[in-house]
Amino acid sequence: RRSEKPNWDYHAEIQAFSHRLQENFALDLLKTAFVNPCYVESEEARRRQLGLDKDAVALQLQDNTGLAERGLRFARAYLAQCFEGAYPQLPAKGIEALVNFLTSQELVSYVAQNLSIQDLALCRDFPAPPDVLQRTFLAVIGALLESSGPERAGIFVRDFFIPQLIGKDLFEIWEVVNPMGLLLEELTKRNVSAPEPRITRQLGVSTVLPVYFVGLYCDKKILAEGPGETLLAAEEEAARVALRKLYGYTENRRPWDYSKPKQGLAAEKAISSN
Amino acid sequence: RYVRQLQRLQLLFSPTGADARGARQFVEEVAQDFARQHPDVVLYVSPHSGPGPAPVLRAEYLNGTVREELIASKTSEEILQLATKLANQSGLDIIRIRKPFHTDNPSVQGQWHPLTNKPSILTVQGPRLQPQ
């Protein structure tokens, strides 16, 4: 563990951490954010083993579960609001899938590892398991929320979570079992007739690797077309391409807007909707 | 936002060795200014007494790589330059970069495939469109 190797000053490391993220933290809030419940239990067990009195056994440390919960709620609400603003056509299930992906254990622990949280977090096992890292990072967000207010915390969440979506496709994150059914629902909501699939191009029909391009036409106007190995696979792919176009999540959409936000109301709404 | 990839710098030198003269000068004069200008790097100064291993500047990065640079017989300004160079680096391995460009969106209008400019089977041409 890094904290047990020579040359380690916890206070200085925490100060450097807050400067590295360019945020002003209240240092005592940040120190409680790094304390995990498993650490408190292991410390109490060790002190009891060493034979100290009952008073000395109980540690004065608070752990980070409260801060972690607040951080998680704020992050989810803020991210959901961001996506609702950016992709207004995306249904609630899609937004929920995106937010779940961004707050999942693997992603959050990957971000936390690259920000050196695994050195600063106090926990029982080494190396820190991913759920401990996730809890610690969310507690850091909660501490930031308490010390600097919802606006700065919102900018922090936006700067560290949304770049993880670069290069990812919508249907890699959101598992859709029946894209054709979903497409039919979307089109009935917009009062467009049902799509008619037709084969647009085909190559190598009688070989081992045929390629079919199936296009979906509504009222004889093209909606989307997608490739596939068999006719069914091509039709499903065409439905997925049509859904991507409808929700505005294509590869050639405008990149995310990271400029300074001017409205303070958005973050207030995120807090009040918790 | 920009996150500096250097986590901490450890300066290991001996207070009596002749080749650590630059390191001692660095610690006396310049180290405090350096630490003040880079508040997100933790600087540890640890003199180990007596004739020991050569003076070394160890840099630890956020992705875990540890890089050691010898500072024996270097002047204080050279050590300062080295320290700023390490502070501006990232922790990736120093290997030959195969190509100096990389893009996540290799194509804007869609990559070419053998069927892009061929007309689809459904387009009907010729005088058949007119009703008989």
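Chain B is built from 2 helices and 4 strands. Going along the sequence, these elements come in the order β-α-β-β-β-α. The model is a predicted one, and that goes for everything below. Chain B has 132 residues, of which 33% count as buried. As for how the chain folds back on itself, take the contacts in chain B between residues at least 6 apart in sequence: 70% of these join residues at least 24 apart.

Next come the charged pairs. Side chains of opposite charge can pair when their charged atoms come close. Over all chains, the structure holds 16 salt bridges. One of them pairs Arg8(B) with Glu13(A), with 2.8 Å between the closest N and O atoms. Arg8(B) sits in strand 1 (residues 6-13) of chain B, while Glu13(A) belongs to helix 1 (residues 10-20) of chain A, so this bridge joins two chains. Both partners are tucked away from solvent: Arg8(B) has a relative accessibility of 1% and so counts as buried, and Glu13(A), at 3%, is buried too.

Arg8(B) has another partner in Asp119(A), and here the N to O distance of the salt bridge is 3.6 Å. This pair also crosses between chains, running from strand 1 of chain B to helix 8 (residues 117-120) of chain A, where Asp119(A) is found. With a relative accessible area of 17%, Asp119(A) falls under the 20% cut-off and is therefore buried. Put together, Arg8(B), Glu13(A) and Asp119(A) belong to a network of salt bridges that also takes in Glu60(B).

A further salt bridge, this one within chain A, brings Arg244(A) together with Asp169(A) at 2.7 Å, N to O. The two residues are 75 residues apart, so to speak in distant parts of the chain: Arg244(A) is in helix 13 (residues 231-247) of chain A, and Asp169(A) is in the loop between helix 10 (150-161) and helix 11 (170-173) of chain A. Their surroundings can be told apart by accessibility. Arg244(A) is buried, with a relative accessible area of 15%, whereas Asp169(A) counts as partly exposed because its relative accessibility is 24%.

Helix 5 (residues 65-86) and helix 6 (residues 92-102) of chain A have axes that come within 10 Å and cross at roughly 135°. That angle makes helix 5 of chain A oblique to helix 6 of chain A. The crossing of helix 5 of chain A with helix 6 of chain A is right-handed. On the helix 5 side of chain A, the contact is made by Arg76(A), Leu79(A), Ala80(A), Phe83(A) and Glu84(A); from helix 6 of chain A come Ile95(A), Leu98(A), Val99(A), Asn100(A) and Leu102(A). Sorted by class, the contact between these helices of chain A has 7 nonpolar, 1 polar and 2 charged residues.

As to burial in helix 6 of chain A, the buried residues are Gly94(A), Ile95(A), Ala97(A), Leu98(A), Val99(A) and Leu102(A). An α-helix has 3.6 residues a turn, so residues three or four places apart point the same way. The cover over the buried residues of helix 6 of chain A includes helix 5, helix 7 (105-113), helix 10 and helix 11 of chain A.

Key:
Residues numbered from 1 in each chain as written. Chains lettered and ligands numbered in written order. Predicted model: local features only at pLDDT ≥ 70, side-chain atom pairs only at ≥ 80, totals over all residues. Heavy atoms only, no water. Salt bridge = Lys/Arg side-chain N within 4 Å of Asp/Glu carboxyl O. Buried < 20%, exposed > 50% of the residue type's maximum accessible area, 1.4 Å probe, protein only. Axes fitted to C-alpha atoms, helices over the stretch in contact; angles between N-to-C directions. Parallel < 35°, antiparallel > 145°, perpendicular 65-115°, else oblique. Left-handed = near helix turned anticlockwise from the far one by under 90°. Contact = heavy atoms within 4.5 Å. Nonpolar A, V, L, I, M, F, W, Y, C, P; charged D, E, K, R; others polar.
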